Amino acid sequence: MIAAHLPALQVVVPLLAAPLCAILRQGTIAWLIALVANWCAFVISIALVLQVRELGIISYELGGWAPPIGIEYRVDLVNAFVLMVVSGVGAVIIPYARKSIESEIPRAQRGWFYTMYLLCLTGLLGVTITGDAFNIFVFLEISSLSSYVMIAMGRDRRALTASYRYLIMGTIGATFIVIGIGLLWAMTGTLNLNDLADRVPAIEEARPVLAALAFLTVGISLKLALFPLHLWLPNAYAYAPSAASAFLAGTATKVAIYLFFRFFFTVFGGGGFFDSTPLPEIIMVLSIVAMFAPGVVAIFQSNIKRLFAYSSVAQIGFITLGISLASEPGLTGALVHIANHAIMKAGLFMLIGCIVFRLGSMRLEDMAGIGRTMPFTMAGIVVLGLGLLGAPATAGFISKWYLAEAALLQGLWWLVGLILLGSVVSMIYVGRVVEIAYFREPSEKVAGLKEAPLSMLIPGWVLVIATIYFGLDTTWTVGIAQDAAASLLSALY
Amino acid sequence: MSTILADLNYWVTVFLLVGGLYIVVAHGNMIKKLVGLSIFQTSVYLLFISPGKILGGTAPILDDKYTLYSNPLPHVLILTAIVVGVATIALGLALVVRIHESYGTIEDDDLTDLESDT
Amino acid sequence: MVVTVIGIIRAHNLFAVVMLGGVYSFLMATVLVILDAVDVSMTEAAVGAGISSVLLLAVLHLVRMREAPLRHTPVIPMIVCLLTGGALVYGTVDLPPFGEAGGPQNQHVAPYYIENAEHETHSPNIVTAVLASYRGYDTLGEVTVIFTAGIGVLVLLAARRRREDDEDEQKGGAA
Amino acid sequence: MRDTIILRVVVKLLLPAILIFALYVQFHGDYGPGGGFQAGVAAAAAIILYGMIFGIPAAKQVVPPSVVFVMIPLGVLIYAGTGVAGLLLGDNFLDYSPLGSKPVYGQHLGILIVEFGVLVTVSSTMLAIFYAFGGRADEADAAEEARKDGEGGS
């Protein structure tokens, strides 16, 4: 019986856990609730992936009303995969969060932090799993509002302005998405994504539909921080509490990218807009710029969290590049990179959180020689950095391999060169961190540091090992992503 | 008549939307930005409600006297949207208060200066 | 409404801005009644004109009343806004005609609600029926949003003193 | 403002009226316009009015903040719990039909419970926000002079 209700439970478990946390409020209990809820969600998502592989698309009618009258949850391989990534990253971060949060957030607010964390998880899972356009907006706002709060809980007062700016940009983005949904509804009379997919292709030449496409694209781009709409991201990631940075960096933008998949391929896919509008070209150009411009900015950052936040913008460029190619290896690369980048970035922010935990500073300068006093933490950062630039035998290599293959397939040799060059840029900023950490004399303060506590180090290293593991064995990443990409493409033409 | 009214509706919507967005993007005062944001969101309500209106219809509350009702679906959606909107504004205002406390200003430009100093 | 928005753009006194915002909300509520959206209108009047204005006034009480003049000419924002407006005009001119029952938006799902709401849920107010039952899940999300915002405001405003103490300690520790 | 007798009397008279109106909107929501959200706002408005005239401490005595803190999540739990009840009774999440002897009654009952959950969360959130902002304002008034002396110290 439970198996039939898994789609609902996926979201409802964290949704119920959040108010429980808020009522109990005590930090440790709230943490335990969050831990249990998050691990339940992870288990459920794995079960969903297995179910979908076995039985095909699962549809769940909320309230027992058949879609399009009611709201439907619709799980196919694509969103089952994203669900697994999101809840999986969360499941690793939660054990880590306890120590980290204790050092960064006053006692009275810790229970509330976990409430917000669970709400954010709820929102992200809800956006991913739902098959209803307006429901996307509602859950998107749950996740956004809670992430604003989490960011504002950061210690630095700049966290407040970062959060405010994110709020403004995020709300504009969400409103654009609503406008897009509204136009689509006015043309078709339905909000169900699957129903839209049946009706949109027939009227794809109509101007309101094209305008809807434009508004959705811009709105989602704001949420996923596609260059040049990324300005809110670096500060937001830099000044949030470490656990929140890791979670948001790993998951929030990934879910927005998933929305791209959903709207471009499932809803609009049937009518061949990829050929008739300049949208793919625009996204491709922006992606290429995104691969370089923020990467170069990252090189000159003095704050290590900002450095890797800019690197996130660059990596998002790689993912959207895969989308713009709209071929099977391209989409596979994009999907795999969603997972791999989520793992690597969450891991990086967690290990950086370890340094901040001991050192109390995010400035690169202060970290001179830290490789000697915190060897495990730094070694993890180096491995994850290698993954970012796509070194062989790491997960990053796999995703870039597929992207390059997609470019070759369409005869775009120069694009392969650009992808390689993009990796060189990453190499420079990762190299800079390595140089400071290993080849400079430690200052007195660094020399007196101890290695990070195990409860923080082990979750970080789980992701380090995952980065290597998924670089060698790709059944759970590429295996699923390839089928998912094929199913997305089958909707085209 | 109906076409004029229809166009008028959409034109007003577009104007409100652009005006609201302009306030958000161009102005530096954080409170004013939030007011602009709420205008921007409100204009979307019209965009949803207008297509649902049926001339000669009545509010979607069933009664034996009427047979033609306006479309209830956008009303439901917008009720939700209003609530989400006010939640966002409340949160934004709380942030403004905190920013004012720790920086002493709520002008975007001043804040940028203050942050580049530190 | 157009006039009030222009007024808001031009006014530098924040008090005036807030008051005009309230006027704007009431006008909006009136328009919504004309468009048959009584539930929405009621909410907009309560929320837009009521709660938002009170909140804004409370905040104004805490911060400065006037807006500083713009430092640079807003060329880029202008372009952004005009592009958005252009896209929207482009999109709306071809929308189905106003006020007709035959438009696609009023055809597909809506008649089902109107026909079946009463005997399926016992609720003559179709809006309530759709809100709480057919699309009840959206409303659950909406309640969660309120919950998020409520806790968020508490987080931000309730425990400040302790926070600043923490910050000072941190600075002392780092120096 | 807090010393005006007329205001105090008027508010005392208005208060029950507003609360009754809130209840009317709540339970009449399925026949006329209105529902949990609007009722919640109205109920909160009554307390807020009381707080504005008699001072926030007085309002906090009527509805203590600790109660408010519990009520906010409670509303969500009521709503989601109704959904889970449907699930436990063998139907889908948020399906109210099994709650009554006939699906129609179940639906009706479900709508009422759910709207009540909305009322709880909305009214308590409004109050919490009012307490938070209002408390800040009072604090700021008291600290105004002190701050003017110590300007630039932050």
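How many residues does the contact take from chain B and from chain C?

1. Basis of the note. This is a predicted model, in which local features need pLDDT of at least 70 and side-chain atom pairs count only at pLDDT 80 or more, while totals for chains, interfaces and linings use all residues. Residues are numbered from 1 along each chain as its sequence is written, chains are lettered from A and ligands numbered from 1 in the order in which they are written, and side-chain values use heavy atoms, with hydrogens and water left out.

2. Extent of the B–C interface. The contact (heavy atoms within 4.5 Å) takes 75 residues from chain B and 78 residues from chain C. About 7300 Å² is buried between the two chains, 76% of it on carbon and sulfur atoms; buried area is the accessible area (1.4 Å probe) that two parts lose on being put together, summed over both. On the chain B side, B:Tyr22, B:Leu62 and B:Arg98 lose the most area to chain C, together 9% of what that side buries.

3. Elements on the chain B side. Helices H1 (2-26), H2 (30-52), H3 (72-103) and H4 (108-117) of chain B each supply at least two residues of the side that touches chain C. The largest share, 23 residues, comes from H3(B). Helices (H or I, at least four residues) and strands (E, at least two) are DSSP runs, numbered from the N terminus.

4. A:Glu72. This residue is found in strand E2 (residues 72-75) of chain A. A:Glu72 is buried, with a relative accessible area of 3%; buried means under 20% relative accessible area, exposed over 50%, partly exposed in between (1.4 Å probe, protein chains only). Its side chain makes polar contacts with the side chains of A:Arg74 (3.1 Å) and A:Asn192 (3.0 Å).

5. A:Tyr164. Helix H6 (residues 158-188) of chain A holds A:Tyr164, which counts as buried at 1% relative accessibility. Among the residues that A:Tyr164 touches are B:Met30, B:Leu34 and B:Ile99.

Methods: Polar contact = N/O pair within 3.5 Å; in protein donor to acceptor, adjacent residues only side chain to side chain. Lists of a residue's contacts leave out its neighbours within four places in sequence.
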